[in-house]
Amino acid sequence: MRVTIRVRPGVSRPRVGGEHDGALIVAVSARAVDGQATEAALAAVADAFGVRRRCVTLVTGTTSRTKVIDIVDGDPSVLALLLAR
């Protein structure tokens, strides 16, 4: 399943949920330095979908806050619930 996410780095309370211009919001405490926020976001998405980290891969957006990811065995109903938060 291909999903667009919007990463918010450096927040005090990490969370996955909500929508920004059709993208799933992923707030992480890691700073946007050397890919730390991207890695934290991918791990958070994997946790939210209940899959292993290796099942979530970055497709585009290495240096952007808006990223496209692939989730192997991702459940579309979980995505709908997370977007509705």
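**Entry on the model.** I note that this is a predicted model, in which local features need pLDDT of at least 70 and side-chain atom pairs count only at pLDDT 80 or more, while totals for chains, interfaces and linings use all residues. Residues are numbered from 1 along each chain as its sequence is written, and side-chain values use heavy atoms, with hydrogens and water left out.

**Entry on backbone angles.** I went back to Asp34 and found that it has a positive phi of about 55° although it is not a glycine, and that its place is in the loop between β3 and α1. For these names I rely on DSSP runs, numbered from the N terminus, with helices being H or I of at least four residues and strands being E of at least two. Asp21 is likewise not a glycine and has a positive phi of about 50°; this residue sits in the loop between β2 and β3, and it is exposed, with a relative accessible area of 76%.

His20 stands opposite Ala23 in β3, and the hairpin of β2 and β3 has two residues between the strands. I then turned to strand β4 (residues 56-60), which four bridges join to β5, again in an antiparallel run. Here Thr57 has Asp70 in β5 as its bridge partner, and the hairpin has five residues between its strands, with Gly61 in the turn taking a positive phi of about 100°.

**Entry on the core.** Which residues touch the most other members of the largest nonpolar core? I found that this core has 20 residues, and that Ile5, Leu24, Val45, Phe49, Val56, Ile69 and Ile71 are the ones that touch the most other members. A nonpolar core is a set of buried Ala, Val, Leu, Ile, Met, Phe, Trp, Tyr and Cys residues joined through side-chain atoms within 4.5 Å. At least two residues of this core come from each of β1 (2-8), β3 (23-27), α1 (36-49), β5 (66-71) and α2 (76-84), and the largest share, six residues, comes from α1. I also listed the contacts of Leu24, where contact means heavy atoms within 4.5 Å: not counting residues up to four places away in sequence, Leu24 touches several residues, including Val3, Ile5, Val16, Phe49, Leu79, Leu82 and Leu83.

**Entry on the pocket.** How many residues line the largest pocket? I counted on the listing of 14 residues, of which Ala32, Ala37, Thr38, Thr62 and Lys67 lie nearest its centre. On a 1 Å grid over the protein atoms alone, a pocket is an open set of points with protein on both sides within 12 Å along at least five of seven lines, whereas a cavity is a set where a 1.4 Å probe fits but cannot get out; lining residues have an atom within 4 Å of a point. About 180 Å³ of space lies in this pocket, and the largest share of its lining, three residues, comes from α1. Thr38 is found in helix α1 and, at 14% relative accessibility, counts as buried. Leaving aside neighbours within four places in sequence, Thr38 is in contact with Leu58, Thr62 and Lys67.

**Entry on separations along the chain.** I checked Leu81, which lies in helix α2 and counts as exposed at 61% relative accessibility; the C-alpha atoms of Leu81 and Gly17, 64 residues apart along the chain, are separated by 8.1 Å. Val11, in the loop between β1 and β2, is partly exposed, with a relative accessible area of 24%. The C-alpha atoms of Val11 and Cys55, 44 residues apart along the chain, are separated by 25 Å.

Terms used
Buried < 20%, exposed > 50% of the residue type's maximum accessible area, 1.4 Å probe, protein only. Points joined across faces, edges and corners; volume = space filled by probe spheres on them. Pairing = 2+ DSSP bridges.
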